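Let's learn to read a protein model together, one feature at a time. Have a look, and then we will talk it through.

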Amino acid sequence: MTTETTRAQSRRWGALGVLVLPVLFASMDISILYMAIPAVTADLTPSADQLLWILDAYGFLLAGLLVTAGNLGDRIGRRRLLMVGAAVFGAASLMAALSPTPEALIAARALMGVGGATLMPSTLSLIRNLFTDRVERTRAIGLWTAAFAGGSALGPILGGFLLEFLPWGSVFMVNVPVVVLLLAVTPLLVPEYRHGASGPLDPVSVVLSFAAVLPLVWAIKTTAEEVAVTVPTAMAAAAGVLMGAVFLRRQRRLATPLVDVSLFRDRGFTGAVLAGGTMMFALVGMMYHVNQYLQLVLGYSPLTAALWQLPLLVAVGAASTSAASLARLIGNAALFCAGAVSATAGMLLLALTPVDQGLWWVLAGATLVGLGVGPVAALAVDVVVASVGPERSGAASAVSETVNEFGAALGVAVLGSVGAMVYGEGVRDDLPGEVPSEVAEAVSANLGAAARTAERLPEEARVHLL
């Protein structure tokens, strides 16, 4: 290997280190705020509706704008969009940290979602251009996947640590130095890529994509929170599906569509997109329940519960980064199957573990799930970006990430609702008489309510409940 080749290789991997940072923090911001909710509530006293928007504004804007952001990067330049988005994300994080009112925090979270939507497709498409060798690209995407999937698990850990010593604004302020570093280093290490032949961005398609994704995400999240399908959520879901159908119909007629519908004729592309979404469904849904179990049943503090989930974080990272080597040894198909078997075994172990002796078995089951999800998610992303030319990599990766967002939202909605119904049925008739009626109703309604009201239970009632 010549000195020039070695230098080029070092530059590529250095660029990857830069590109992984924004993905890690954008993913982490989906979950980190949950740790700060008690402090935010005490300081800003938001209403119930405002609190929901503080939690959800980021995810809504992120999911709704991914497809548009991916296409925009293909047209104006991926590095340029990354830097603009990072600047927006950093400024919005500073605004969130200093928010004096609930309304200001909601606006800042929404602006963070706009910035976050530009980061993921930009970084993934830049990796597609930087790494032309398939083996190197799979390894690089494995690291990207580890950052993306691991960020959600790392969020509560970092958030819990910061909140032990600092006010709630620190969970947002931590993004600012990372953004400054990214803006300083990116022009030095990351080359620009754009596809100059692309046609203009179709504004009608942009509106339709947002009108399809936003109501669906809202319906899913609201169903999870209320543990029921209501008339508004059903109408929102129907509107989202209708707008999605109109959007797809328009894409077939455009010379330069926002989403190339013909990609879904490729069974490899379609299978990879669905596999990635399914794995996020399993991972996020499982993490939700494990976190509730550690806090509500075992009585751990949020930080202690988050630290007990470190084996899961390590498992996802190790499995994702080793996907390329494993695929060379046993092949993609065998690795997909092995990952699915490992994740299924972990879920079964979690389901069959007795509640009163579950810590180590729960950790073992969660680790098996992480070991299964990691390589499948990494290979799914690799297949998606490899199925298109470099000029369309931003749009293709945005489709994959949008499905991943849906998978994560469905994981909480479906698995969270099932868990809440089972939990409610199990405790509704067993609550002791001294428990206040409104607390009993909240506890039997869902696990999240139980977490917020558990401190109001008398000690003997809490023992009886758990």
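Q: Which residues does Leu 105 touch, not counting residues up to four places away in sequence?

A: First, a word about what you see. This is a predicted model, where local features need pLDDT of at least 70 and side-chain atom pairs count only at pLDDT 80 or more, while totals for chains, interfaces and linings use all residues. Residues are numbered from 1 along each chain as its sequence is written, and side-chain values use heavy atoms, with hydrogens and water left out. Contact means heavy atoms within 4.5 Å. With those neighbours in sequence set aside, Leu 105 touches Val 40, Leu 44, Ile 54, Ala 96, Ser 99, Trp 168 and Phe 172.

Q: Which residues touch the most other members of the largest nonpolar core?

A: In soluble globular proteins, nonpolar side chains tend to be buried together. A nonpolar core here is a set of buried Ala, Val, Leu, Ile, Met, Phe, Trp, Tyr and Cys residues joined through side-chain atoms within 4.5 Å. Buried means under 20% relative accessible area, exposed over 50%, and partly exposed in between (1.4 Å probe, protein chains only). The largest core has 57 residues, and Leu 105, Ile 127, Trp 144 and Phe 172 touch the most other members. Helix 5 gives the most to this core, with 11 residues. Helices are DSSP runs (H or I, at least four residues), numbered from the N terminus. Another core, of 34 residues, lies apart from it and includes Phe 269, Ala 305, Leu 363 and Val 373.

Q: How many aromatic pairs does a search of the whole structure find?

A: A pair of aromatic rings is described by the distance of the centres and the angle of the planes. Rings of Phe, Tyr and Trp (its six-membered ring) pair if their centres lie within 6.5 Å; planes under 30 degrees apart count as stacked, over 60 as edge-to-face and the rest as tilted. The search finds 4 such pairs. In one of them, the ring centres of Trp 168 and Phe 172 are 6.4 Å apart and the planes are at 90 degrees, so this pair is edge-to-face. Both Trp 168 and Phe 172 are buried.

Q: Which side chains meet in a salt bridge?

A: Side chains of opposite charge can pair when their charged atoms come close. A salt bridge is a side-chain nitrogen of Lys or Arg within 4 Å of a carboxyl oxygen of Asp or Glu. The structure holds 1 salt bridge, and Arg 12 and Glu 136 form it at 3.2 Å, N to O. Arg 12 lies in helix 1 (residues 3–31) and Glu 136 in helix 6 (residues 134–165), so the pair ties together parts that are 124 residues apart in sequence. Glu 136 counts as buried, at 11% relative accessibility.

Q: What is the phi of Thr 45?

A: Most residues other than glycine have a negative phi. Thr 45 is not a glycine, yet its phi is positive, about 45 degrees. You can find Thr 45 in the loop between helix 2 (33–44) and helix 3 (48–76). Thr 45 is exposed, with 60% relative accessibility.

Q: Where is Leu 189, and which residues is it in contact with?

A: Leu 189 sits in helix 8 (residues 175–189). Leaving aside neighbours within four places in sequence, Leu 189 is in contact with Arg 11, Gly 14, Ala 15 and Val 18. The C-alpha atoms of Leu 189 and Arg 11 are separated by 6.4 Å, although these residues are 178 residues apart along the chain. With a relative accessible area of 25%, Leu 189 is partly exposed.

Note on methods:
Helix = DSSP H or I, 4+ residues; strand = E, 2+ residues; numbered from the N terminus.
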